[in-house]
Amino acid sequence: MTDLLEMRDVHTYIGEYHILQGVNFTAPKGQVSVLLGRNGAGKTTTLKTIMGLHPSKSGSILFEGNPIEKLPTHKIAQSGLGYVPEDQGIFATLTVEENIRVAMRDQSEATAERVDYVLKLFPDLKKFWKKDGGNLSGGQKQMLSMARAFVQDSRLLLIDEPSKGLAPVVIGKVIEAIHELKKQSTIVLVEQNFRMASLVGDTFTLIDDGRTVHTGEMGYLVENEEMKRKYLGIG
Amino acid sequence: DGNAGDEDTVKVGVLASLTGALESYGKQTQRGFELGLEYATDGTMEVAGKKIEVVFEDTETKPEVAVQKATKLLEEDDVDFLVGSSSSGDTLAVLPLAEEYEKIMLVEPAVADSITGSEFNKYIFRTARNSSQDAVAGAAAIAGEGVKIATFAPDYSFGWDGVAAFKEAAENLGAEIVLEEFADPAATDFTSNLQKVIEADPDYLFIVWAGANSPWNQIADMKLQEKGIKISTGAPDIPALSIMEPLVGMEGFSVYYHTLPDNEINDWLVEEHKARYDGEVPDLFTPGGMTAAIAIVEALEKSEGSVDADELIGIMEGMSFETPKGTMTFRPEDHQALQPMYSITLEEQEGVPYPVPVLVEELSPEDTEPPIMNNPE
Amino acid sequence: MALLETKNLTIQFGGHTAVDDVTFSLPEKQFKSVIGPNGAGKTTFFNLLSGELKPTAGEVFYKGKSLNGVSAVDRTRIGIGRSFQITNVFPSLTVFENVRLAVQSREKVRYTFWKSARSYHRLTEEAHELLKQVLLDNKAQMIASQLSHGEKRKLEIAMLLALDTEVLLLDEPTAGMSLEEVPAILNVIRSIKEQGDKTILLIEHKMDMILDLSDSIMVLFNGQLLADGSPEDIMQNETVQQAYLGGYEDDRSVRNA
Amino acid sequence: MELLINLLINGLATGMLIFLLAAGLTLIFGLMSVLNFAHGGLFVWGAFAAVWMYATTGSFILAILGAVVTGVILGFVTEKLIITPVYGNHVQQILITLGFMLVLTEMIKVVFGPNQLAAKVPPYLAGSWEVGDVILIKYRMFIILIGFVVFGIIQFILKRTKIGLIVRAGVLNKEMVQALGNNIKQVFLFTFIAGAALAALGGALMAPYSGVVYAEMGLEFGILAFIVVVIGGMGSLPGSLMAAILVGLAGSFMAYYVPALSLAVNMILMALVLIFRPQGLFAAKG
Amino acid sequence: MSKVLSLNKSIYLIIALALLIFPFVSDSRTWTILLTQIFIFAILAMSYDLLLGYTGIVSFGHAMFFGIGAYSTGIVLDTFGPTLLFFVLSIAIGFILAAVVSFFVGILTLRLKSHYFAMLTLALSGLFLVAAEKWRSLTFGNDGFTFRAPEIFQDRLVFYLLSLGCLIAVFIFLKRFVSSPMGHVLISVRENENRTASLGFKTLHYKVIASVVAGVFASLAGSLYAVSLRFVNTSVMTMDITLDALLMTIIGGVGTLVGPILGAGVIELAQHYLSGLARDYPIFERWIILFGILYIVAVIFFPRGIVGGIQSIYARLTGKKVKVAGPMKKSVVKS
Ligand SMILES: Nc1ncnc2c1ncn2[C@@H]1O[C@H](COP(=O)(O)OP(=O)(O)OP(=O)(O)O)[C@@H](O)[C@H]1O
Ligand SMILES: Nc1ncnc2c1ncn2[C@@H]1O[C@H](COP(=O)(O)OP(=O)(O)OP(=O)(O)O)[C@@H](O)[C@H]1O
Ligand SMILES: [Mg+2]
Ligand SMILES: [Mg+2]
């Protein structure tokens, strides 16, 4: 098994604040890795560091074996990463269509197919195709944000809390979608909904106070009451 | 540095716009003043045994800066005379200081009538011509019994003053004003105004204008002259003349163009100016600067070096003196210098890249004497 | 009896009817939840109640009086407070200042311009008290924009609580909050409920939370009121089962483990 | 009737000229949301470059090209040095671009001297045709034509490429646009350069129209361009076109029928539009 | 916190005292005048800061209120005579006019968002400028008119002290204003207007109040300005005045109140020295370029203005910076 993404002892500062204080993390190819941790632990910052949005100060980040920690964000994205931010990052005064068009890298057949796919997955988007993104409901924005990432041909998808604000039935569809996407892409998921995390995750990494504290098979965590209590406060 | 109260020097502070939109006017005054001092003192820079020192200050065409600089001149440099300035606004703002400090101020080249009119105080003498003189000269050039005239001017004080004075002078000469058009000076399009002029069908269109953005092209484009409407206006400085090609042939007036006056001082000025500034000829306000310098030196000669303002006022009221434009006289009532002006036509000339004002007639100081406007209420 | 009511409440955006002829009533001191698919009109319904949007047709009544023409500001002042689904705080003020502003509004300190704000000790204490309740007291001096997402959600709740309004409209208060902290926030909500002097309307997609707290549940579907009843009734509802839950929440054992 | 046609055509031509001035600002201010007070400076540089080129080469085409090249170079330098540090911060944009405006204006005097320069209409565009009582000024016809061509080209580029979209998105959320794989810096740079080149083009075409160029002209026309962009609706090119034509026509008709108000016509127009249609005549959408 | 504050307070006090004593130890009237100008523009800039820095309103029409004050004072003193009583009366008239105008302008404009608001204020103040130009019987058009100042101000020292007094009074008033509960609401309007409304504050009221207070103080600055020149013309209504206020505020530090005072000082002094340089050394003929570069450099090195710059240097010196905020240790639920 090869690791598509590997972070080694990554430290990130935001302004003067030392937020990530040693993150070690790998995303095995073709699997779903879940980042877990309490509010403010540093999950989002980890994803942003990978995307180059909060560049790391030290440590290395390898994608398909190539270092990407020095690249500008758009280069990182172009090298095959897709990103769904936790605040959805919708362009409010652009229509749904335009939002998606910003994410389309080309006009190819394959891209068109992926657009069809996401519209089937989230029919609401089709319904509001010409409407401003800012007028969508909370859940619809979440769908649009995912759709934008899915229409790109990404080998690695970083998804920050996809289930947030979604109706249960849609969460079910997203879980199916993730299983589907796994065939072509590797996925890194931040998820507070432990049920969803446990249904889609292959491996998990626990982040606490800006450090990775544990990594393992998802099944192991589901069974391990002790660890769930200690780091996730459940059980 | 002449310290305050230095008995052996006379200090003159010159305010001018040395930066900004009026920069070229300011520089003309500056050069003229320097040359004028040399001329009047025969290069000694001394009068009645006293050394003359000049300090130039930039008003930046902002009234508050003008006041700051004027105060600095009066306080720190302890000047005995003020000269200036390029904009009427700056000058008006400085007038009260002359009165407060009891120093003579020679106004040059600001034109607003109110400087020697409603805002006059006794320390103010103006070597420049005022708007009304322009207007009277303009009227003299074209007005006559039964002539129909339309006017066109920018919609602010300068334009209103000019047209009002022109109207009076022209009507006195028997002309009829058929239309008064005013336009936004910053506008890009003057064709609507010109349209109205065409409809009024006057014999002449008299234009009062200042500033770079001008209607000349559009006058040509609208074929006013082909329609039998003759154009008349004041000839401006050389850079502005260069855009007046469409008006070649017009009859108008000029305050100064270096070939118009015929006297030795002007010859000297043209020669010296060319020699010193790379062949450039003196322009619209250069003789004004020179005139101010000459007036100061003459007054000092007469006062034997005394800079006492009251004494000087006595001397300068009614004083006549020779300038590049011929003899000027400070009218005792309002201290306005009466001076010659020139009726001209604009002609194209071989080797000159702009239309040249060519003398038709020199208008004597009496011909262009403006009304006295500083009547104490 | 009914504190908050609507009659034929309707709003259209262009051709789209987001809230469609909804008539409902919320008795005093009740805890009612609103569920429905994404885009069903729940948030829009809140916006109509709170006055952020004006209905195309229909009316809202509060304590029997029509709120027609009453602005959002005045609705807050007479007792209808709300939290926002999309985090909506004062980004470059500190967490503490955010809450203090809300407390200040409740205390009606609105146009005082000569006294220093620092002299209002009660405002300060109260703000700190609220921050403690939502587990943010250790971040009081942090700039709000520097909070993580979940922390902002907590701030949002603190600001609503600070207003101390009679009616609380909560729009997905726990979305994005960590597993560990949801129970704490739930406790806060529960304790408010138990004090028994508030009327609460809650939008959530977390069914276990809804079932745990609600006296009644109303379901919105395509802008229409599909059902309004006890939690048990609603869970039996065929449409709710299929089109909203879709089987995903059937097995809640994992979550409760 | 002839009168109305005259007013209409001249108003239209003036409007088109104003559109050419404002087109660049539509990109820079309307789309990129940069409060560029130095826009007038770019415009003057274009005007002076064209006048200088025309005087040295005698070719109007080369003069226009020279202006555009000047605009491109200045646009590049401006974006890199002045604008890049202040994207998204209007307050800082005001200060830095005003400072840069002073530099640009004063540098004109260093390079071209402090005096105004005459700008000549090329002979083949000089003069006017008279059709009955209708006077058609050739250069104005040319401006109207160029106005439509420029409009067509920019509109085509904005519609056919993702550039307009990316810029609009980038103003809303720069990080997200990058995270979706777009090189926002490059797109912003390109757009800014295009805006600067358009400003320079506007200056170059304006020069023969008024017959004169002077360093301070940038200030006057800069504000006019802002007015047009705002009343047209931020970021809408058709909006700017319509607003410019409206300003042109209003000026032309007011000067004829209500001359007392011509000083105020632009301000009145802007006030009315903003009071009754605050988002501008054509908001970027919908 | 309170220690820093008292430090601030004592610095202010020392500077105020120094300025108070200054004209008695230095007899340079140039400096007296320059400082007087600075005080007057500082008042204008502070009033602008209330809008820009505290309420988040970018207005392009501030000159309107400055002009109202200047014309009120000029016209009253010119028509009724240069007495102290009429001077006070003229200031009062300026206040009332500015308050009324800013109230209506506020109601009319403040519903609009950012750019649109800014441009509408530009339009309205443009209309005021045109009115000043056209109403010649009152204003004498753009040439303007001179008038006499009350006898007592003939002594520039007295006027210096008056301006300084006004500056201090306005500073103290605004300082208290912005740190009052109402001031906090203004700040919250700047931060997030909608949210402020949903907390139960009528935001339009606050914006109008800020605009009225700012308008009134701008009018005060205008009145003082007119007296300092004994001359008024339409330049007091032009965009230049607004831009001056804006630049002084930004260069000094937005939302700080002291900033605009420093900004006024820096800009006036820079202008004074740079143009002096041009007089003494011909290479500096184009000193405006240096002046422009000053703005550019200011933005690049002090993006938050002078006060912001000083604050961050201070923070660095006192070693306050190394905050390892990060994720804080759990004091979290143990329920
Ligand atoms: N701009 C910033 N400046 C300073 N600190 C920040 C900033 N952004 C985030 N932080 C801090 O960094 C820490 C990690 O934040 P991050 O958003 O990565 O948390 P998270 O694990 O995603 O939490 P959540 O579950 O709430 O989304 C938090 O303590 C937060 O306060
Ligand atoms: N301002 C608006 N303009 C146009 N359409 C709008 C506007 N606001 C909401 N809508 C539409 O109204 C519908 C209802 O939206 P609303 O936000 O109320 O949904 P919701 O029930 O809260 O959904 P969610 O659970 O996803 O938050 C959506 O389809 C949305 O696109
Ligand atoms: Mg997060
Ligand atoms: Mg919602």
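C:Thr43 sits at 23% relative accessibility, so C:Thr43 counts as partly exposed. C:Gln85 is at 16%, so that one counts as buried; the cut-off for buried is under 20%. Bear in mind that this is a predicted model.

Why pair these two? Both are protein donors of the magnesium ion, ligand 4. C:Thr43 gives OG1 and C:Gln85 gives OE1, at 1.9 to 2.2 Å from the ion. The pair links distant parts of the chain, 42 residues apart. C:Thr43 belongs to helix H1 of chain C, residues 42-50. C:Gln85 lies in the loop between strand E6 (80-82) and helix H3 (95-106) of chain C.

Now to ligand 1. How many residues surround ligand 1? The count is 24. The closest are A:Gly40, A:Thr44, A:Thr45, C:Ser148 and C:Gly150. Chains A, C and E all supply residues around ligand 1, so this site is shared between chains. By type, the shell divides into 11 polar, 7 nonpolar and 6 charged residues.

Next, the distances to oxygen atoms of ligand 1. From chain C, a backbone N or O atom of C:Gly150 is 2.7 Å from one. From chain A, a backbone N or O atom of A:Gly40 is 2.8 Å from one. The side chain of A:Glu86 places an N or O atom 3.0 Å from one.

How much of ligand 1 does the protein bury? Alone, ligand 1 exposes 640 Å², and the protein buries 92% of that. Which elements give two or more residues to the shell? In chain A, strand E2 (17-28) and helix H1 (43-51). In chain C, helix H5 (149-163).

Key
Residues are numbered from 1 along each chain as its sequence is written. Chains are lettered from A and ligands numbered from 1 in the order in which they are written. This is a predicted model: local features need pLDDT of at least 70, side-chain atom pairs count only at pLDDT 80 or more; totals for chains, interfaces and linings use all residues. Side-chain values use heavy atoms; hydrogens and water are left out. A residue is near a molecule or strand if one of its heavy atoms lies within 4 Å of it. A polar contact is a pair of N or O atoms within 3.5 Å; within protein, one must be able to donate a hydrogen and the other to accept it, and residues adjacent in sequence count only if both atoms are side-chain atoms. Accessible areas come from the Shrake-Rupley method with a 1.4 Å probe; for residues, only the protein chains shown count as cover. Helices (H or I, at least four residues) and strands (E, at least two) are DSSP runs, numbered from the N terminus. Ala, Val, Leu, Ile, Met, Phe, Trp, Tyr, Cys and Pro count as nonpolar, Asp, Glu, Lys and Arg as charged, and the others, Gly among them, as polar. Donors are N, O and S atoms within 2.8 Å of the metal (3.2 Å for Na, K and Ca); water is not among the atoms, so sites may look incomplete. Buried means under 20% relative accessible area, exposed over 50%, partly exposed in between (1.4 Å probe, protein chains only).
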